[in-house]
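Here is a short tour of one protein chain, written to be read with the model open beside it. Please take a look at the fold before reading on.

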Amino acid sequence: MPPTFSEFAARRLSALLRSATALTCDPHLAQDVVQEVLIRAQRDWVRISVLDSPLAYVRKMIYHEYLSWRRRRANRDLAVSHPLLVQLGGAGLDDHVARLAERDAMRVRIARLSRRQRAVIVLRYYENLSDSEIAGVLGCSAATVRSHVSHALAALRAQDADEAHVVPLRPTDLGVDHAV
């Protein structure tokens, strides 16, 4: 007997929210997307519950909802941990703080990707799906998935390179002379 919608939602809600948060890079937008999808899934639960994998179907609904989301900007400015937290991490702060700072930094990096690139990165590295499974979720070919992954990883590497070449400003660069 298939699970009821309430059982499904209770068991899978936190995992769906985690995936949606990784995808949207915004926990509030993730909640909105998951809520919209679960409302539709509840309405159609009789049909969805008898599928081979109701979870895969609902996950696909979430990715399609995100990719077609129009009420909010795709890339929003994110509140991230202060860079000093990362530097202070080795000076006695809990590893938990360092992990949060790293997660925030990765969320910012992923947020700079296009929506499709972000979707394939989350599906591959957060949900551990294969190219063919990702293709099924996004409604494209496995070759297109590999192309998006390749471009996304190249963009992330380019971000690393850009950040490595940033030269800190000195007071003299701003026309300030401390000797005065």
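Helices here (H or I, at least four residues) and strands (E, at least two) are DSSP runs, numbered from the N terminus. Before going further, please keep in mind that this is a predicted model, in which local features need pLDDT of at least 70 and side-chain atom pairs count only at pLDDT 80 or more, while totals for chains, interfaces and linings use all residues. Residues are numbered from 1 along each chain as its sequence is written, and side-chain values use heavy atoms, with hydrogens and water left out.

Which residues of α2 are buried? They are Leu29, Ala30, Asp32, Val33, Val34, Val37, Leu38 and Ala41. Buried means under 20% relative accessible area, exposed over 50%, and partly exposed in between (1.4 Å probe, protein chains only). The length of α2 fits a helix: its 17 residues (27-43) should span 24 Å at 1.5 Å a residue, and the end C-alpha atoms are 24 Å apart, which agrees. The expected span is 1.5 Å times one less than the number of residues. At the start of α2, a side-chain oxygen of Asp26 comes to within 2.9 Å of the backbone nitrogen of His28. Such a polar contact is a pair of N or O atoms within 3.5 Å; within protein, one must be able to donate a hydrogen and the other to accept it, and residues adjacent in sequence count only if both atoms are side-chain atoms.

Val37 lies in helix α2, and its relative accessible area is 0%, so Val37 is buried. Leaving aside neighbours within four places in sequence, Val37 is in contact (heavy atoms within 4.5 Å) with Val58, Met61, Ile62 and Glu65. Val37 and Met61 are 24 residues apart in sequence, while their C-alpha atoms are 6.3 Å apart in space.

From its first C-alpha to its last, α4 reaches 20 Å, close to the 20 Å expected at 1.5 Å a residue.

## Loops and local details

Ser49 sits in the loop between α3 and α4. At a relative accessible area of 11%, Ser49 is buried. The side chain of Ser49 reaches the backbone oxygen of Val46 at 3.3 Å. Beyond its neighbours within four places in sequence, Ser49 is in contact with Pro2, Pro3 and Pro54.

Cys25, in the loop between α1 and α2, has phi near 60°, and Asn128, in the loop between α7 and α8, has phi near 55°. Are they buried or exposed? Cys25 counts as buried at 2% relative accessibility, whereas Asn128 counts as exposed at 63%. In helix α1, Glu7 is partly exposed, with a relative accessible area of 43%, and the side chain of Glu7 reaches the backbone nitrogen of Thr4 at 2.9 Å.

## The second largest pocket

About 170 Å³ of space lies in the second largest pocket. On a 1 Å grid over the protein atoms alone, a cavity is a set of points where a 1.4 Å probe fits but cannot get out, and a pocket is an open set with protein on both sides within 12 Å along at least five of seven lines; lining residues have an atom within 4 Å of a point. Grid points are joined across faces, edges and corners, and a volume is the space filled by probe spheres set on the points.

The lining consists of Arg12, Ala15, Leu16, Arg18, Ser19, Ala22, Leu55, Arg59, Ile62, Tyr126 and Glu127. Its largest share, six residues, comes from α1, and α1 and α4 each supply at least two.

## The whole chain

The chain has nine helices and zero strands. Of its 180 residues, 34% count as buried. Among contacts in the chain with a separation of 6 or more, 66% are between residues 24 or more positions apart.
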